[in-house]
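Student: Hi! Could you walk me through this protein model? I'm new to this.

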Amino acid sequence: MTKKDNPRQLAVATLTKIEQGAYSSLQLNQIIQNSTLDERDVKLLTNIVYGVIQHKLTLEYQIAPFIKKQKRLQPWVLVLLKTALYQMEYLDRIPKRAIFNESINIAKVMGHDGIRKMVTGVLHQIDRNGVLDPAQIKDPLERMQLQFSVPKWIIEQLIEQVGMTKTTSILASLNQPAKQSVRVNTAMETRDALATQLHASGFDVTNSSLAEAGLILSNRSANSAPEFKTGAMTIQDESAMLPVETMPIGANQLILDACSAPGGKTTQIAERLARQKSGRVVALDLHESRLKQVVKNAKRMHLNDYVQTKALDARKLDSIYANETFDQVLVDAPCSGLGLMRRKPEIRYEKSIQDIKHLAEIQLAILNSIAPKIKVGGQLTYSTCTIIDQENHAVLEQFLVEHPEFERKPIDLNSVQSNPGEIRIYPDDFDSDGFFVANLVKTGD
């Protein structure tokens, strides 16, 4: 096996770059594409990378007593120790001897004999003495932070908003594996027909209990399916399908997707238009480069005749569009993404309460810009992928104070009970991403 083909060494390299600011999914995909790993080693690499990120605070707490001068360590050495401890604590099927031998060899290959000796010594000390149990910490916030590896400020916000019991349930769900869900392109296939095809191709397939067009796949990677390449389906979390499912899309409508990239919801709107063979969705995004992904997705799904892209800041609509231009508008607003902590675990360490306040200001500014552009009787659908009230419910409340010409519209979904005009999904409710959706109608009064 060459250095390039060693999944544990690749995990150390990947995690080191992620700690320096790289996105986990992009970095991991790049490493896998440039390697010759077989399917089993790809799974091990992926497991170690996401597992170490998910349990980062716990692992650092448990390693700290065994390293006297941690600040003097090269970053990759601490990462290597975390990968070793993660395997020892969370992966039952890997023999301890294999973890030790592989980790010590990586220390030798990536460093020198001194680092090899240090890593060997730390691993044997951990084996002899055992690690600290966060469950023994008396302070509740400190204990929850280190048990679930989630920063205190997020835990404080959740406790204030949903209480201790629900917060504990949410935190416990975040380190569970994410489901693999896809959305059926209903302009090409029915859900039942696509499920039959995928089952015949070797997938285990179940219907989503949350989204009408959703399927849950296992046993194979969804993007390897021919049905993905032909555009009969796209990869999307179940809860992310709900904003468009709540929109009453009719014939000949002009719809604005105000924050569209990478285009999952744009193509979902376009599917509904294509089934009626009329209408158009205008996909806005701040960056032309990100709109290329929207176009790519629309072409793959044979929906580009119903999609028009425009590079524009959604807060500057007045420069392009007259008032009352659109029948409906979807604002899937930029947010902290804290509803995605299971799928993108590094998000929890990157955001701060100051980010939340800044994002809420941007969200309200976008809604204020959108409001005049909707026709009287038209719908505004507002969604975020966060579970922090300041970024969703509070923004909605402020918008309604400033815009009495809008009122809440009840949401009718069989799968989710809604508050008047809005639904909140937490990651433990359906083992999906956390999401917020609100529907408003413009009365013009």
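Tutor: Happy to; we can go through a few spots in this model, which is a predicted one.

Student: Great. Which residues does the UniProt "domain" annotation cover?

Tutor: UniProt lists residues 170–443 under "domain: SAM-dependent MTase RsmB/NOP-type", and that comes from an unreviewed entry. In the model, this span is 31% helix and 24% strand.

Student: Let's take A261. Where is it?

Tutor: A261 sits in the loop that runs between β5 (254–257) and α13 (264–276). P262 is in the loop between β5 and α13 too.

Student: Is A261 buried or exposed, and why?

Tutor: A261 is buried, because its relative accessibility is 13% and the cut-off for buried is under 20%.

Student: What does A261 touch, apart from its sequence neighbours?

Tutor: Once you skip the neighbours within four places in sequence, A261 is in contact with L284, D285, R290 and V294.

Student: What kind of peptide bond joins A261 and P262?

Tutor: The bond between A261 and P262 is cis, with omega at about 10°. For background, most peptide bonds are trans.

Student: Where are H302 and D431?

Tutor: H302 is in the loop between α14 (288–300) and β7 (307–311), while D431 is in the loop between α18 (427–430) and β12.

Student: Are they buried or exposed?

Tutor: H302 counts as exposed because its relative accessibility is 53%. D431, at 43%, counts as partly exposed.

Student: New topic: how many cavities of 30 Å³ or more are there?

Tutor: A search of the whole structure finds one. The largest cavity has a volume of about 40 Å³.

Student: Which residues line the largest cavity?

Tutor: Its lining is made by T386, I387, D389, N392, R424, I425, Y426, F435 and F436. Two elements give two or more residues to that lining, β11 (422–425) and β12 (435–442). By type, the lining residues are five nonpolar, two polar and two charged.

Student: Last one, on strands: how do β2 and β3 pair?

Tutor: β2 (residues 204–207) and β3 (residues 214–218) pair in the antiparallel sense, over four bridges. They form a hairpin with six residues between the two strands.

Student: Which residue in β3 does N207 stand opposite?

Tutor: N207 stands opposite L215.

Student: Oh, and S278, buried or exposed?

Tutor: S278 is buried, with a relative accessible area of 11%. It lies in the loop between α13 and β6 (280–285). Beyond its neighbours within four places in sequence, S278 is in contact with A251, N252, L273 and Y306.

Student: Thanks, that helps!

Key
Residues numbered from 1 in each chain as written. Predicted model: local features only at pLDDT ≥ 70, side-chain atom pairs only at ≥ 80, totals over all residues. Heavy atoms only, no water. Buried < 20%, exposed > 50% of the residue type's maximum accessible area, 1.4 Å probe, protein only. Contact = heavy atoms within 4.5 Å. 1 Å grid on protein atoms, 1.4 Å probe; cavity = no way out; pocket = protein on both sides within 12 Å on 5 of 7 lines; lining within 4 Å. Points joined across faces, edges and corners; volume = space filled by probe spheres on them. Nonpolar A, V, L, I, M, F, W, Y, C, P; charged D, E, K, R; others polar. Pairing = 2+ DSSP bridges. UniProt positions renumbered as here; feature names shortened; annotations may be inferred.
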